[in-house]
Amino acid sequence: MPEKGRHIALHIGGAAAVTMTPPYGKPVLRVPDEAASVLRKLHPVIKSHIRSGLQAILADPFSGKALKDELEGLRSYRLKRFRFIYRIDTLTPSIEIITVGPRKVIYEETFRILSKK
């Protein structure tokens, strides 16, 4: 657990796995390698929007809509035309980003990714 007040910045164009750790007592945000590789290829303006969306999820993990049926247990956070699909682990505490993408294909893509695991 990081020291109180320590903050590690989110750099989407950086390391393979992106981790954002806010001050002590808050959940850790985990972005898998597959999602990070897609995010790295985006335009800088879009990266900036995504970074703000990730920070919003970190600030209030339950702000996203709870998903149903095959995607039960996941949440969807809307930011402009993008959706962030994520899972909250209250035991760790951590938030795992499953996928990020446009509304048009994100739910099918999430189901495909979860089916592979």
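Asp 69 sits in the loop that links strand S3 (65-66) to strand S4 (75-79); helices (H or I, at least four residues) and strands (E, at least two) are DSSP runs numbered from the N terminus. The model is predicted, so local features need pLDDT of at least 70 and side-chain atom pairs count only at pLDDT 80 or more, while totals for chains, interfaces and linings use all residues. Residues are numbered from 1 along each chain as its sequence is written, and side-chain values use heavy atoms, with hydrogens and water left out.

**Backbone features in loops**

Asp 69 has a positive phi although it is not glycine. Lys 80, in the loop between S4 and S5, also has a positive phi and is not glycine. For accessibility, buried means under 20% relative accessible area, exposed over 50%, and partly exposed in between (1.4 Å probe, protein chains only). Both residues are listed below.

| Residue | Phi | Relative accessible area |
|---|---|---|
| Asp 69 | near 55° | 63%, exposed |
| Lys 80 | near 55° | 58%, exposed |

Another loop, between strand S5 (82-89) and strand S6 (94-102), holds Pro 93. The peptide bond joining Thr 92 and Pro 93 is cis, with omega about -25°.

**Helix H2**

Helix H2 (residues 44-59) has 16 residues, and the distance from its first C-alpha to its last is 22 Å, close to the 22 Å expected at 1.5 Å a residue. That expected span is 1.5 Å times one less than the number of residues. Its buried residues are Lys 47, Ile 50, Gly 53, Leu 54, Ile 57 and Leu 58. They lie on the same side of H2, because they cover an arc of only 140° around the axis; the arc is taken from the directions from the helix axis to the C-beta atoms. An α-helix has 3.6 residues a turn, so residues three or four places apart point the same way.

**Nonpolar cores**

A nonpolar core is a set of buried Ala, Val, Leu, Ile, Met, Phe, Trp, Tyr and Cys residues joined through side-chain atoms within 4.5 Å. The largest has 16 residues, and Ile 57, Phe 84 and Ile 97 have the most contacts inside it. Two or more residues each come from strand S2 (28-31), helix H1 (33-40), H2, S4, S5 and S6. H2 gives the largest share, four residues.

Contact here means heavy atoms within 4.5 Å. Neighbours within four places in sequence aside, Ile 97 is in contact with Leu 29, Arg 30, Val 31, Pro 32, Leu 54, Ile 57, Ile 85 and Tyr 86. Another core, of eight residues, lies apart from the largest one and includes Leu 67, Leu 71, Ile 85 and Ile 113.
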